[in-house]
Amino acid sequence: MKKLILLTLTALAAFYAHARFSFAEPKLASWLVQQSAKAMSGDSSACEAYADNLQVTLSAYGRRGKWEVEGGKEEMCDYLKQAAAAFTVLQARTHSEFDDIRIVRDGFPWTSARVSYTQRMTVEANGLPTTTVTGEDDLVVVRTLSGLRIKTIESRSSGGL
């Protein structure tokens, strides 16, 4: 009986430690940078970071007005494909910086986290002026057996075309 209790406590401690590591700022910041690079390069695995029940609200204000994307995983993946195609055609280079990362763990024992940050993405393309897009993003990231997944995205950005 003692071995069973000890094994259960060890498993709970390991699960708790894994959650603490998964939602640590350096780990999440690195993961966000990787996801952004995949998305902007057209890597098809970028959509794997989204939960099947993803909820998306994107609002962008640029020189040509305002546009919005609302929906789920399908709409987000379509948006990423279009953006990556445009960057490929323009032979654009992007660089992203994430600042003011705030993480609030939620659920017991930390099965999700609210993550908010400011992202500045610089886009350079031959023959076009350098453009900087600044966004304020709020995400809900969930921990699954296969890794982290984004469950909700709310993004407001300005700059760009």
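In strand β2, G65 is the bridge partner of G62. The model is predicted: local features need pLDDT of at least 70, side-chain atom pairs count only at pLDDT 80 or more, and totals for chains, interfaces and linings use all residues. Residues are numbered from 1 along each chain as its sequence is written, and side-chain values use heavy atoms, with hydrogens and water left out. Strands β1 and β2 pair in the antiparallel sense over seven bridges. Pairing here requires at least two bridges found by DSSP between two strands. A hairpin of two residues joins β1 to β2.

Strand β1, residues 50-62, also pairs with β6, residues 147-159. These two strands run parallel and are joined by eight bridges. The six strands form an open sheet with mixed pairing, in the order β2-β1-β6-β5-β4-β3. Strands β2 (65-71) and β3 (93-106) stand at the edges. Each has a single partner strand, so one side of each is left without a neighbour in the sheet. From one strand to the next, the twist averages 15 degrees.

The chain holds three helices and six strands. Both are DSSP runs numbered from the N terminus: helices are H or I over at least four residues, strands are E over at least two. Along the sequence the pattern reads α-α-β-β-α-β-β-β-β. The C-alpha atoms fill a box of roughly 70 × 25 × 25 Å along the principal axes. Contact means heavy atoms within 4.5 Å. Among contacts between residues at least 6 apart in sequence, 55% join residues at least 24 apart. Of the 161 residues in the chain, 37% are buried. Buried means under 20% relative accessible area, exposed means over 50%, and partly exposed lies in between, with a 1.4 Å probe and protein chains only.

Helix α1, residues 2-22, lies across β3, β5 (131-144) and β6. Its direction is at about 175 degrees to β5. Helix α3, residues 73-90, lies across β1, β2, β3, β4 (112-124) and β6. Helix α3 runs at about 50 degrees to β1. Axes are lines fitted to C-alpha atoms, for helices over the stretch in contact, and angles run from 0 to 180 degrees between N-to-C directions.

Helix α2, residues 25-41, meets α3, with axes that come within 7 Å and cross at roughly 70 degrees. That makes α2 roughly perpendicular to α3. By the cut-offs, angles under 35 degrees are roughly parallel, over 145 roughly antiparallel, 65 to 115 roughly perpendicular, and the rest oblique. From α2, the contact takes in A39, M40 and S41; from α3, L80, A84 and F87. By class, this contact has five nonpolar residues, one polar and no charged. The nonpolar class is Ala, Val, Leu, Ile, Met, Phe, Trp, Tyr, Cys and Pro; the charged class is Asp, Glu, Lys and Arg; the others, Gly among them, are polar.

One disulfide is found in a search of the whole structure. A disulfide is a pair of cysteine sulfur atoms within 2.5 Å. The pair is C47 and C77, with sulfur atoms 2.1 Å apart. C47 lies in the loop between α2 and β1, and C77 in helix α3, so the pair ties together parts that are 30 residues apart in sequence. C47 counts as buried at 15% relative accessibility. C77 is also buried, at 8%.

L148 is located in strand β6. L148 is buried, with a relative accessible area of 9%. Leaving out residues up to four places away in sequence, L148 touches S22, F23, L28, W31, A49, V141, V142 and R143. L148 and T8 are 140 residues apart in sequence, and their C-alpha atoms are 24 Å apart.

Backbone angles single out two residues for description. Most residues other than glycine have a negative phi. Q91 is not a glycine, yet has a positive phi of about 55 degrees. Q91 sits in the loop between α3 and β3. Q91 is exposed, with a relative accessible area of 55%. D100, in strand β3, has a positive phi near 50 degrees. D100 counts as exposed at 52% relative accessibility.
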